[in-house]
Amino acid sequence: MGENLISVIIPTYNRGHMIHVSIESVINQSYKNLELIIVDDNSEDNTKEIVEEYMKKDKRIKYIKHDVNKGGAAARNTGIFNATGDYIAFLDSDDEWYPKKLEKQIKVIQENNNIDLVFTAYKVMEKYSNKLIGYHKIKKNYRLSQLYKNNFLGSTSSLLIKKQKLIEVNGFDDKLKSCQDWDLYLKCCDSSNFYVIDEPLLTQYYHGNRISNNNDAIIQGHKAIIKKILRILQRKKYPKMETNMILSELYLRMSKLYFKNNNFEQGKRFLFISMKLYPLNIKTLFYVINSLFGKKVFMYIYNKYNKVCQDLSFVFKK
């Protein structure tokens with residue numbers, strides 16, 4: 001392949017027991033012209049010792065440790081600041097790349113000068129049981145407006161991006177409790193083209209201590225991202241009807257997060273905000289009608305409905 005250096009950034013915190021899988025999936029890439037920057041967000045376990053053993057064997061690995069815990073977004077920004085490559089890829093310290101991931105992504109960018117970001121599909125598995133949960137795939141007929149409704153692009157572990165683009169948008173917003181990846185995509189895709197390789201090139205593992213399992217953090221992140229999206233829509237002078245449709249979807253997402261947190265009253269409140277913004281939102285109307293039967297009946301129907309949706313999603317994504 002080409003001569004472009006890729007800087008791979010792994011942010012980590014107390015993952016000494018599992019980071020070896022991520023590291024090995026990087027150093028075993030078919031694309032060899034890379035540097036691996038591991039940013040330790042002040043771990044209290046044996047992460048440093050594990051990384052140092054790999055550094056003895058591979059000179060492409062660099063290790064940086066924060067003096068205090070700053071969060072994943074700040075760790076990624078530290079990596080960006082210390083990167084020397086023209087391109088940057090991120091990998092969570094509990095995920096794993098397939099051997100040709102970077103090779104296939106850099107080929108897309110090298111052959112298309114107008115592409116700044118390349119994503120891939122990926123497999124989602126339960127960490128300790130190795131149970132296949134499903135696949136994250138992205139439909140080819142995506143539109144930028146879809147990104148205002150949800151982060152359909154998914155994990156940063158699938159992303160390869162030009163470093164200059166990250167510098168232009170000031171990297172990740174480390175003030176966000178969650179949704180930092182969604183926020184980054186909104187900033188980048190506003191002025192850049194992206195491409196999706198419709199092939200799983202990594203495995204994302206789910207387990208108990210991922211930020212994606214911290215529902216309180218997710219709620220706070222969504223509140224902040226909704227404000228940001230509203231400012232984007234106002235800046236772009238979106239028509240009121242389309243703005244309301246987008247906001248209706250976002251508030252529906254908020255209601256589901258509260259229901260997941262077993263906060264029925266707050267969930268119901270956001271449901272009615274969603275319906276007020278766009279009364280023709282069928283999904284919102286379905287939930288609103290069921291909420292009128294009270295918490296016990298609603299939560300039973302809600303959980304059953306979502307399980308069916310997840311099962312069907314798994315069948316069609318296989």
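Reply: Start with one residue. N170 counts as exposed because its relative accessible area is 65%. A word of caution: this is a predicted model, where local features need pLDDT of at least 70 and side-chain atom pairs pLDDT 80 or more, while totals for chains, interfaces and linings use all residues. Residues are numbered from 1 along each chain as its sequence is written, and side-chain values use heavy atoms, leaving out hydrogens and water.

Me: What are the cut-offs for buried and exposed?

Reply: Buried means under 20% relative accessible area, exposed means over 50%, and partly exposed lies in between, with a 1.4 Å probe and protein chains only. The areas come from the Shrake-Rupley method. Now try S7. S7 is buried because its relative accessibility is 0%.

Me: Where does S7 sit?

Reply: In strand 1, residues 6–12. Helices (H or I, at least four residues) and strands (E, at least two) are DSSP runs, numbered from the N terminus. S7 also shows how a chain folds back. S7 and A89 are 82 residues apart in sequence, yet their C-alpha atoms are 6.3 Å apart in space.

Me: What about the phi of N42?

Reply: N42 is also no glycine, and its phi is positive, about 65°. Look for N42 in the loop between strand 2 (34–40) and helix 2. N42 is partly exposed because its relative accessible area is 22%.

Me: On to charges. How many salt bridges are there?

Reply: The idea comes before the count. Side chains of opposite charge can pair when their charged atoms come close. A salt bridge is a side-chain nitrogen of Lys or Arg within 4 Å of a carboxyl oxygen of Asp or Glu. The count here is 15.

Me: Which residue forms a salt bridge with D58?

Reply: R60, with the closest N and O atoms 2.9 Å apart. D58 is buried because its relative accessibility is 12%. R60 is partly exposed because its value is 22%.

Me: Which residue does D92 pair with?

Reply: D92 pairs with R76, and their closest N and O atoms are 2.8 Å apart. This pair ties together distant parts of the chain, 16 residues apart: D92 is in the loop between strand 4 (87–90) and strand 5 (96–97), and R76 is in helix 3 (residues 72–82). Both D92 and R76 are buried.

Me: What about E249 and K283?

Reply: Their side chains form a salt bridge of 3.2 Å, N to O. E249 is in helix 8 (residues 240–260) and K283 is in helix 10 (residues 282–291), so this pair too links distant parts of the chain, 34 residues apart. E249 is buried because its relative accessibility is 17%. K283 is partly exposed because its relative accessible area is 41%.

Me: Which residues are linked in a network of salt bridges?

Reply: D173, D183, K187 and K228.

Me: What does K165 make a polar contact with?

Reply: A polar contact is a pair of N or O atoms within 3.5 Å; within protein, one must be able to donate a hydrogen and the other to accept it, and residues adjacent in sequence count only if both atoms are side-chain atoms. The side chain of K165 makes one with the side chain of E168, at 3.0 Å. K165 sits in helix 5 (residues 163–168). K165 is buried because its relative accessibility is 5%.

Me: Last topic, surface patches. Which residues form the negative one?

Reply: Patches take residues with over 30% relative accessible area and no salt bridge, joining like charges within 9 Å and nonpolar side chains (Val, Leu, Ile, Met, Phe, Trp, Tyr) within 5 Å. Lys and Arg count as positive, Asp and Glu as negative; His and the chain ends are not counted. A charge is placed at NZ of Lys, CZ of Arg, CG of Asp or CD of Glu. The negative patch holds E44, D45, E49 and E52. E49 lies in helix 2 (residues 47–57). E49 is partly exposed because its relative accessibility is 44%.

Me: And which residues gather in the positive patch?

Reply: K223, K227, R231 and R269. Helix 7 (residues 215–235) gives the largest share, three residues. K227 is in helix 7 and counts as exposed because its relative accessibility is 57%.

Key
Areas by Shrake-Rupley, 256 points an atom, 1.4 Å probe, with all protein chains shown as cover.
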